[in-house]
Amino acid sequence: MTEPADARPPRRSIPAAVLGTRAERLAEPQPPRAWRIVSYVLFFLLGAAVSICGAFVQALWPPVGVLLALAATGATFYAGLRVTGTRLGAGLPAAGWFLALLLVMVPRPEGDNVLWTNATSLGWLFAGSILGVICATLPTRTSWFPGVPGPTR
């Protein structure tokens, strides 16, 4: 029996269409080691830059600025995961993000602060750290240890 000419494949959900299914992500080839090392350094620096920019954006345009800062933060963490294919790829942007936040949270001698103790600043800190944890624990194509390639498939 033949299928009708207008038979369509099953429709994928929006997250599966954008992010890919788990099987598709695990089947992607592992990038070369030199490319991963360069990517780790660049994503660490990008995480720090997103943190500093996000600190100013979330304070400049509340509450939309918080959403913009969180979108950039989550995109950076997830891009590190997908580009490198390792959990370390999501962990290093998060480490750069936290390191830059520590520098931004310290008040200056003149009494100036970048991050204040208001709802938008605290919400951005909390939600950004949750995004970092989520991205660092998503399934990858590597073994159990972050940054170490698993066996070839």
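Colleague: Let's start with F98. Is that residue buried, exposed or partly exposed?
Modeller: F98 counts as partly exposed, because its relative accessibility is 39%. Keep in mind that this is a predicted model.

Colleague: And what about W97, buried or exposed?
Modeller: W97 has 0% relative accessibility, so W97 counts as buried.

Colleague: How are the rings of W97 and F98 arranged?
Modeller: They form an edge-to-face aromatic pair, with 5.0 Å from centre to centre and 80° between the planes.

Colleague: How many aromatic pairs are there?
Modeller: The count comes to three. One of them is F77 with W97: the ring centres are 6.1 Å apart and the planes are at 85°, so this pair is edge-to-face.

Colleague: Which helices do F77 and W97 sit in?
Modeller: F77 is in helix α4 and W97 in helix α5, so their pair ties together parts that are 20 residues apart in sequence. Both F77 and W97 are buried.

Colleague: Which residues do the ring pairs link into a cluster?
Modeller: The cluster consists of F77, W97, F98 and W124.

Colleague: What else touches W97 and F98?
Modeller: S129 does, leaving aside residues up to four places away in sequence. S129 is found in helix α6, and with 18% relative accessibility S129 counts as buried, because the cut-off is under 20%.

Colleague: How far is S129 from G74?
Modeller: Their C-alpha atoms are separated by 9.5 Å, and the two residues are 55 residues apart along the chain.

Colleague: Changing topic: what span should helix α3 have?
Modeller: Helix α3 covers residues 33-60, and at 1.5 Å a residue its 28 residues should span 40 Å. The end C-alpha atoms are 40 Å apart, which agrees.

Colleague: What do the buried residues of α3 pack against?
Modeller: They pack against α4 (64-84), α5 (87-105) and α6 (119-136). The buried residues of α3 include R36, Y40, F43, G47 and Q58.

Colleague: How do α3 and α5 pack?
Modeller: Their axes are 7 Å apart and the angle is about 40°. The two helices are therefore oblique to each other, and their crossing is right-handed.

Colleague: Which residues meet there?
Modeller: On the α3 side, Y40, F43, F44 and G47 are among them, and on the α5 side the residues include L88, G89, L92 and W97.

Definitions and conventions
Residues are numbered from 1 along each chain as its sequence is written. This is a predicted model: local features need pLDDT of at least 70, side-chain atom pairs count only at pLDDT 80 or more; totals for chains, interfaces and linings use all residues. Side-chain values use heavy atoms; hydrogens and water are left out. Helices (H or I, at least four residues) and strands (E, at least two) are DSSP runs, numbered from the N terminus. The expected span of a helix is 1.5 Å times one less than its number of residues. Buried means under 20% relative accessible area, exposed over 50%, partly exposed in between (1.4 Å probe, protein chains only). Contact means heavy atoms within 4.5 Å. Rings of Phe, Tyr and Trp (its six-membered ring) pair if their centres lie within 6.5 Å; planes under 30 degrees apart count as stacked, over 60 as edge-to-face and the rest as tilted. Axes are lines fitted to C-alpha atoms, for helices over the stretch in contact, and angles run from 0 to 180 degrees between N-to-C directions. Angles under 35 degrees count as roughly parallel, over 145 as roughly antiparallel, 65 to 115 as roughly perpendicular and the rest as oblique. A crossing is left-handed if the near helix is turned anticlockwise from the far one by less than a right angle, and right-handed if clockwise.
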